[in-house]
Amino acid sequence: MAKESSNGEQHTTRPPPTPSPLRFSKFFQANLRILVTGGAGFIGSHLVDKLMENEKHEVIVVDNYFTGSKDNLKKWIGHPRFELIRHGKLVILESGL
Ligand SMILES: NC(=O)c1ccc[n+]([C@@H]2O[C@H](COP(=O)([O-])OP(=O)(O)OC[C@H]3O[C@@H](n4cnc5c(N)ncnc54)[C@H](O)[C@@H]3O)[C@@H](O)[C@H]2O)c1
């Protein structure tokens, strides 16, 4: 879509972005318990914010605070769907293989 501004220049206006198809996926609809490692860091804490927006999700963060900080998650500490664990090593045990 092209528009002409007061100084005679042509500007194109983009339509607003459509919501991600993920928003309508099973992942967003489901009742999930999600483990975020490094969740007290820059990317992790933003991911936690997004995940916590979904009221069906329960989010568990494991972080050793090596570079991250509890401050990045302070708005979620004490929330019933949120748990923060200070730990540096994780061993994932898988069964049924
Ligand atoms: N304001 C800003 O623009 C800003 C702020 C911070 C970082 N950054 C940049 O963003 C980029 C990505 O940041 P990021 O989120 O990947 O890094 P990050 O360091 O912020 O996050 C990594 C997280 O993993 C944790 N961690 C590391 N090893 C661990 C272990 N063995 N066990 C448990 N937890 C562990 C750290 O404590 C930290 O919380 C970096 O390049 C950084 O420079 C930008």
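Tutor: Begin with the ligand. Sorted by class, the shell around the ligand has six nonpolar, eight polar and one charged residues. Keep in mind that this is a predicted model.

Student: How many residues surround the ligand, and which are the closest?

Tutor: The ligand is surrounded by 15 residues, and the closest are G38, G41, I43, T67 and G68.

Student: Which helix or strand gives the most to the shell?

Tutor: That is α2, with three residues. At least two residues of the shell come from each of α2 (42-53) and β4 (58-63).

Student: Let us stay with β4. Which strands does β4 pair with, and in what sense?

Tutor: To read a sheet, take the strands two by two. Strand β3, residues 33-37, pairs with β4 in the parallel sense over five bridges. On β4 there are also five bridges to strand β5, residues 82-86, and these two strands run parallel.

Student: What do β3, α2 and β4 make together?

Tutor: Follow the chain from strand to helix to strand, then look at the handedness. Here β3, α2 and β4 form a β-α-β unit that is right-handed.

Student: Where do the side chains of β4 point?

Tutor: Read along the strand and note the face for each residue. The side chains of β4 alternate: V59, V61 and D63 point to one face and are buried.

Student: Why does I60 count as partly exposed?

Tutor: Burial is judged by counting neighbours. A residue is buried with 20 or more other C-beta atoms within 10 Å, and exposed with 12 or fewer. I60 has 16 C-beta neighbours inside 10 Å, so I60 counts as partly exposed.

Student: Which residues is I60 in contact with, leaving aside neighbours within four places in sequence?

Tutor: These contacts are R33, L35, E83 and I85. As for distance, I60 and V48 are twelve residues apart in sequence, and their C-alpha atoms are 8.9 Å apart in space.

Terms used: Residues numbered from 1 in each chain as written. Predicted model: local features only at pLDDT ≥ 70, side-chain atom pairs only at ≥ 80, totals over all residues. Near = placed C-beta within 6 Å. Helix = DSSP H or I, 4+ residues; strand = E, 2+ residues; numbered from the N terminus. Nonpolar A, V, L, I, M, F, W, Y, C, P; charged D, E, K, R; others polar. Pairing = 2+ DSSP bridges. Right-handed = clockwise from strand over helix to strand, strands pointing away. Contact = placed C-beta atoms within 7 Å.
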